[in-house]
Amino acid sequence: MFVRKKKNRSGLVSVQVIDKSSGTYRVKQTIGSSSDILEVERLVEKGKKWIESYKGELKLDLDGLKKQTHNILDNISELSLCGPDMLLGKIFDEIGFNKISSPLFKPLVLSRVENPTSKLKTTDYWKKYYNTEVGVVNIYRYLDKLHDNEQDLVQRISFEHTRKILGGSIQMLFYDVTTIYFEAEQEDELRRTGFSKDGKHQHPQIVLGLLVSNGGYPLAYDVFEGNKYEGETMLPIIDSFKEKYGFQQITIVADAGLINNRNIADLEERSYQYILGARIKNETKSIKEKILSLKLANGQSSVISKNESSKLIINYSDKRAGKDSHNRKRGLTRLEKQIKSGKLTKANINNRGYNKYLKMKGKVSIEIDRDKLEEDTKWDGLKGYQTNADMPPSKIIENYKHLWKIEKAFRISKHDLKIRPIFHRIEKRIESHICLSFVAYKIYKELERQLEIKKAGISPEKAIDIARTIYKIKIDINSKESVEKLLLLKDEQKWLAQLFELV
């Protein structure tokens with residue numbers, strides 16, 4: 001603050017105390033006015049004394065305020081994390097999972113999104129950040145209840161919400177499987193060794209089948225023995241789904257790895273429409289000749305009839321051709337290096353990956369089969385789709401491309417939501433763990449969808465990271481009364497709270 005002399009139109013000089021602490025000049029006090037020079041100077045001195053007096057009073061007020069603030073801070077009885085529960089809990093309720101009244105269901109699900117870890121570490125996390133104590137034995141007991149009483153309701157809630165956000169209609173179903181291995185040596189009825197998509201063939205595992213809608217929203221899942229052929233997992237899930245929700249017409253989209261002639265026959269027998277990845281190199285000689293005789297430009301497709309009910313859509317892409325060529329050259333380079341080093345033996349002559357280009361020469365020599373290599377180049381850029389659906393080729397291809405979203409679902413579940421490692425050994429608790437992960441993925445997808453609608457410009461992971469920084473404090477006024485305060489201190493915290501109307 002300072003004293004200012006301001007000359008008025010009347011000729012008088014006003015003496016004022018000016019405050020500019022807020023960034024703008026503001027009259028704090030008018031001391032007086034005069035046209036007499038000596039009187040003006042006396043008023044200036046009076047203004048200076050006013051400032052000194054005011055600062056003294058302010059200091060006394062500040063000392064009292066500091067003491068009062070310390071007293072308030074001394075009475076803080078609780079500091080707890082609340083942002084994830086506010087954000088993810090809101091989405092949990094909006095989907096409809098709050099229909100499941102078990103008190104442990106919601107916190108277990110939200111923990112898989114917010115801080116996925118073992119059940120034991122989850123109880124430590126709750127105690128540290130939420131001031132909540134739950135015994136791990138109580139969690140195990142609840143997992144048994146979830147398995148016995150609530151799994152079907154979980155999937156129904158997810159289905160109903162997905163149907164709602166898709167405008168009331170679900171016509172395309174996308175199916176794929178993955179494997180989840182265990183850090184264990186002993187097998188049991190569920191955990192069996194089998195073909196592992198993670199390359200962990202020596203570990204017991206389970207097979208997880210997942211059914212999603214267009215957009216990648218989860219609809220249903222099932223758990224199978226680890227040695228189950230993945231092609232045998234699809235129809236049980238789809239049949240159950242159709243019966244449960246009363247679908248009359250469904251179009252199934254699946255990868256070539258899940259399909260054989262028996263599966264296709266079963267799909268047609270059940271009157272399912274299907275769009276399947278085709279192994280065009282395994283087709284009959286006549287069909288392969290037709291495929292290789294096609295002269296397709298980039299992006300063009302052609303239809304080849306297989307039988308009365310099924311057809312092949314053959315599509316060519318320059319980008320795919322470049323990728324096929326690049327991958328083959330890279331595999332060939334690796335084989336050539338291994339041949340020179342003498343690391344390849346008779347055991348390596350198989351049809352796995354690029355080993356299919358190897359052949360025996362004489363009794364001991366291994367070399368590259370150049371004829372087979374040259375033959376393989378003819379297929380570069382070609383992709384096949386087998387279907388009985390009455391759709392244009394472009395629509396068939398477009399729908400098939402949505403399969404990458406189910407691959408993303410498995411990637412998110414395995415890495416972001418850390419579906420494994422699974423520390424349970426009892427079958428029903430393993431299945432309950434999968435159920436919790438299914439719900440966690442549903443919440444993740446709904447958060448992703450809402451962020452896109454709101455044009456937030458951030459990922460679900462970033463939104464969750466911001467939520468993890470939002471706390472609340474509890475201050476005891478006396479033995480019976482207390483006050484809680486949400487701490488929104490940073491701009492990004494305030495922005496997130498406003499975006500999702502959390503306060």
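Predicted model: local features only at pLDDT ≥ 70, side-chain atom pairs only at ≥ 80, totals over all residues.
Q: How much of the protein chain is buried?
A: Buried residues account for 45% of the 503 residues, where buried means under 20% relative accessible area, exposed means over 50% and partly exposed lies in between, using a 1.4 Å probe and protein chains only.

Q: And what share of the contacts comes from residues 24 or more positions apart?
A: Among contacts with a separation of 6 or more in the protein chain, 59% are between residues 24 or more positions apart; a contact here means heavy atoms within 4.5 Å.

Q: Let's go to strand 9; is it enclosed or open?
A: Strand 9 is largely enclosed by the rest of the structure, because 5 of its 6 residues are buried.

Q: Which way does strand 8 pair with it, parallel or antiparallel?
A: Strand 8 (residues 251-254) and strand 9 are paired in the parallel sense over 4 bridges, and two strands are said to pair if DSSP finds at least two bridges between them. Within this pairing, Ala 254 has Leu 276 of strand 9 as its bridge partner.

Q: What about strand 14?
A: Strand 14 (residues 382-387) pairs with strand 9 in the antiparallel sense, also over 4 bridges, and there Ala 278 stands opposite Gly 384 of strand 14.

Q: What unit do strand 8, helix 7 and strand 9 make?
A: Together they form a right-handed β-α-β unit. Right-handed is meant in the sense that, with the strands pointing away from the viewer, the path from the first strand over the helix to the second runs clockwise.

Q: Where does Ser 271 sit relative to that helix and strand?
A: Ser 271 lies in the loop between helix 7 (261-269) and strand 9 (273-278). Its phi is near 65 degrees, which is a positive value in a residue other than glycine, and at 52% relative accessibility Ser 271 counts as exposed.

Q: What is the phi of Glu 501?
A: Glu 501, although not a glycine, has a positive phi of about 50 degrees. Glu 501 belongs to the segment after helix 15 (491-499) and is exposed, with a relative accessible area of 64%.

Q: Switching to helix packing, how do helix 2 and helix 14 cross?
A: The axes of helix 2 (residues 83-95) and helix 14 (residues 460-467) come within 7 Å and cross at roughly 140 degrees. Axes are lines fitted to C-alpha atoms, for helices over the stretch in contact, and angles run from 0 to 180 degrees between N-to-C directions. The two helices are therefore oblique to each other, since angles under 35 degrees count as roughly parallel, over 145 as roughly antiparallel, 65 to 115 as roughly perpendicular and the rest as oblique.

Q: Which residues make the contact?
A: Helix 2 contributes Gly 83, Pro 84, Leu 87 and Leu 88, and helix 14 contributes Ala 463, Ile 464 and Ala 467. They divide into 6 nonpolar, 1 polar and no charged, with Ala, Val, Leu, Ile, Met, Phe, Trp, Tyr, Cys and Pro counted as nonpolar, Asp, Glu, Lys and Arg as charged, and the others, Gly among them, as polar.

Q: What is the order of the open sheet of 3 strands?
A: The order is 4-15-16, with antiparallel pairing. Strand 4 (76-81) and strand 16 (482-487) are the edge strands, each pairing on one side only, and the twist averages 20 degrees from one strand to the next. Strand 4 and strand 15 (residues 471-476) pair over 5 bridges, with Lys 474 of strand 15 as the bridge partner of Glu 78.

Q: Last one: what does Asp 324 touch?
A: Asp 324, which lies in helix 9 (residues 318-341), touches Trp 379, Asp 380 and Gly 381, not counting residues up to four places away in sequence. Asp 324 and Trp 379 are 55 residues apart in sequence and 8.7 Å apart in space, C-alpha to C-alpha, and at 26% relative accessibility Asp 324 counts as partly exposed.

Key. Residues numbered from 1 in each chain as written. Heavy atoms only, no water.
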